[in-house]
Amino acid sequence: MFTTGWLQAFDARAVAVQGNLVITTPNMHFVPEFHHFDEEDLQARADGRFGVIDCFQWPQSYDDTFCHAVCIPRKEAFPFPHPLHWAWFTPSQDDLKSIPGNSFPVGTLAPDKVDGLQSLLKLAEQRVRDYRKDQPDRGQIIYSRLLYLRHAIARLKSHPLTFRDLLIFVTDAQRLFLDIYSYIDWVLVAQPRTTFGVRHEVNLGWMGGFAQSSDICEKLFCAGVPAWYVHASAYIPPQMMVVEPVLLTRPDHIIIAMYAEGRKIRPFEVIYHGQGGRNRHTHIRRLYAGTTHQDPESDKSSQPLSSSSRPAPGPKLSAVGKAPKQKGKQRHRPCESRDKWKDPNTPFLPPPNLHWEGAMKIVVKDESCVHTPYVIDRGYRFPEPALLLGPKLPERLQLYLANWLAARPLWIGRVDHDPPRTYPTPQLWRDFLGSVPSVQPQSSKGKEPDGKSLTATEKGKRAMRDLFGDDLLETQGDIFSPDGVVEFRGEQVSIASLATPPSLLVQKITWELFELGFRYELRDLDRYLARGCWNNDAVGREQLLHSIFPGEAGLVMWSEAFPSENYGLWNNTLMGCLPYLENFRRLLCDWDDVPPCLLTPLTSDNFTDTYSWEVRRAAATFYIQTFFDHFGRPPIVPHSLPMQS
């Protein structure tokens with residue numbers, strides 16, 4: 001039987017030539033193609049992965065900072081039914097479970113696939129627990145990756161996603177798992193082997209890597225890591241022993257085509273361009289769809305992943321929160337000059353929350369206090385609840401409600417993980433909500449009509465395209481059928497019934513809009529005011545933000561049953577609201593000029609009825625004042641639940 005135990009690190013169990021390079025391996029029978037020196041785009045492909053320069057799919061050059069990449073599990077070593085096979089499954093369109101009554105191609109990941117990813121999470125959690133027991137002084141970085149993995153899987157389970165987004169979230173989760181798994185393998189298994197000079201049998205389940213020095217090759221060889229030594233032909237040692245010349249193994253099985261829907265190519269963004277090495281390793285580990293926060297004052301070009309809010313031009317609001325009046329006739333704009341600091345008198349809005357209502361009355365509405373130029377996008381993350389109720393004619397109100405309910409799942413998902421470059425203005429929301437069925441999306445060819453000469457139908461086209469872009473393609477311009485139904489939190493609602501909608505239903509819809517608007521405006525304001533906290537510990541900060549609200553879906557709310565009683569921050573019991581109010585207080589304490597009464601931690605010992613009232617009122621007032629000082633307009637604030645009579 002032929003043995004290779006006599007081979008040294010600089011010997012060749014197999015050798016191949018790639019251009020002017022000679023690639024040898026002391027412990028493998030094949031030589032993979034080397035992709036390193038060419039400057040290439042790091043960009044997700046049709047399967048959500050990064051092609052041949054993806055360290056989670058193909059061996060890359062060894063890097064001291066990301067040395068654990070050589071221990072990434074190889075797909076071929078863990079076929080079905082091995083538990084690790086879920087780390088490489090690619091979802092199909094059948095795995096997107098559509099939302100009933102929704103015309104947009106939006107849904108959630110199929111439950112059996114969620115269960116498969118949950119099995120990876122459980123495996124990762126167990127490995128991290130064992131690791132932290134073995135290495136009690138280490139593990140914070142890998143624990144952060146574990147928290148990201150939990151959040152990624154929770155999002156797939158509960159958030160409304162298009163298939164394109166679902167695909168990238170699945171592969172994000174898989175990369176997180178493989179990164180955790182390989183890091184622990186490196187620290188506990190491979191790295192200790194590199195210090196003793198004893199050669200271990202090669203682990204064929206590891207990805208391995210390319211070494212560009214004999215020292216690194218020797219290090220990997222001793223650890224039992226698949227190693228390929230790259231050197232120019234002029235530097236081949238004369239004493240090198242060669243067992244077998246081979247042809248290069250090419251990555252023909254790896255998908256390099258761009259993502260497409262039907263005949264339309266919809267490529268993912270390029271997140272890095274350059275040679276292989278540390279920068280490529282860094283960027284491939286940045287979550288494609290999860291790191292949407294950034295310092296708004298930073299150079300946008302240096303953060304290609306971010307699609308976070310940018311300053312949006314628009315009409316400046318007056319200090320009393322009224323939009324400036326426009327000249328000429330205006331149709332269907334009864335709320336254009338309303339006072340946005342208080343709710344209009346209508347049976348369709350839920351009752352105000354006393355703390356927020358009182359705080360809105362005492363805020364200093366001095367334009368000289370507003371920080372300009374605006375850094376945070378001043379647009380509206382969601383339609384203003386009062387704007388949704390603006391139309392007086394029943395058929396217009398029906399359109400507004402139907403359009404919002406039809407678009408609701410897609411838009412909630414977009415705001416959460418893929419915000420637009422600029423958020424819509426109230427007028428853009430009006431144009432969209434007032435658009436009628438059978439409005440075909442306008443072709444990108446030809447000259448677009450001048451804004452002043454647009455008809456109502458053309459405004460509807462433009463608004464739909466501006467808000468939903470390519471996601472509108474499969475709807476053929478129709479996001480609901482006049483004879484069909486839409487869904488709200490599991491309840492099927494006929495379009496016809498929205499001409500004279502039940503007050504309780506509309507109050508539920510507007511209550512949710514108040515809640516969503518508050519949550520995401522709070523997120524964006526905190527990402528600016530506490531940007532140092534986000535830069536230092538994004539996972540911890542996001543956890544703190546999410547812990548202000550009940551549930552496991554973060555800030556998202558859309559499919560769960562409508563609450564039957566006030567909960568979270570506004571729980572009717574002291575001990576029920578204590579943890580949420582304490583987390584809100586902690587978050588506000590990282591902002592400038594926080595009131596003294598918010599500096600003291602809340603505990604079960606000091607949290608009395610009187611103190612609870614003072615803290616809630618102070619927190620609401622401080623938030624609203626700070627919001628106005630940076631947005632120049634009133635915030636969207638939470639309301640009490642509708643009276644379920």
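## Aromatic pairs

Trp411 has a relative accessibility of 1% and therefore counts as buried. Trp429, also at 1%, is likewise classed as buried. This is a predicted model, and a search of the whole structure finds 26 aromatic pairs in it. In one of them, the rings of Tyr131 and Tyr183 have centres 6.1 Å apart and planes at 80°, so the pair is edge-to-face. Tyr131 belongs to helix 1 (residues 111-134) and Tyr183 to helix 3, 52 residues apart. Tyr131 is buried, with 0% relative accessibility.

The rings of Trp411 and Trp429 are also edge-to-face, because their planes stand at 85°, with centres 5.3 Å apart. Trp411 lies in helix 8 (residues 394-417) and Trp429 in helix 9 (residues 426-433), so the pair ties together parts 18 residues apart in sequence.

## Charges over rings

Arg378 lies over the face of Tyr374, 4.0 Å from the ring centre. The charged end of Arg527 sits over the ring of Trp534, at 5.0 Å from its centre.

## Nonpolar cores

The largest nonpolar core has 170 residues, of which Leu149, Trp404 and Leu522 touch the most other members. Helix 3 (residues 163-193) supplies the largest share of this core, 17 residues. Beyond its neighbours within four places in sequence, Leu149 is in contact with residues including Leu121, Ala173 and Phe177. A separate core of 13 residues includes Ala16 and Met28.

Five strands form an open sheet of mixed pairing, in the order 1-2-10-9-5. Strand 1 (14-18) and strand 5 (60-61) each have a single partner strand, so one side of each lacks a neighbour in the sheet. Strand 5 runs parallel to strand 9 (residues 209-211), joined by two bridges, and Gln60 stands opposite Gly209.

Key:
Residues numbered from 1 in each chain as written. Predicted model: local features only at pLDDT ≥ 70, side-chain atom pairs only at ≥ 80, totals over all residues. Heavy atoms only, no water. Pairing = 2+ DSSP bridges. Helix = DSSP H or I, 4+ residues; strand = E, 2+ residues; numbered from the N terminus. Core = buried A, V, L, I, M, F, W, Y, C linked by side-chain atoms within 4.5 Å. Buried < 20%, exposed > 50% of the residue type's maximum accessible area, 1.4 Å probe, protein only. Contact = heavy atoms within 4.5 Å. Phe/Tyr/Trp six-rings, centres within 6.5 Å; stacked < 30°, edge-to-face > 60°. Lys NZ or Arg CZ within 6 Å of the ring centre and 35° of its normal.
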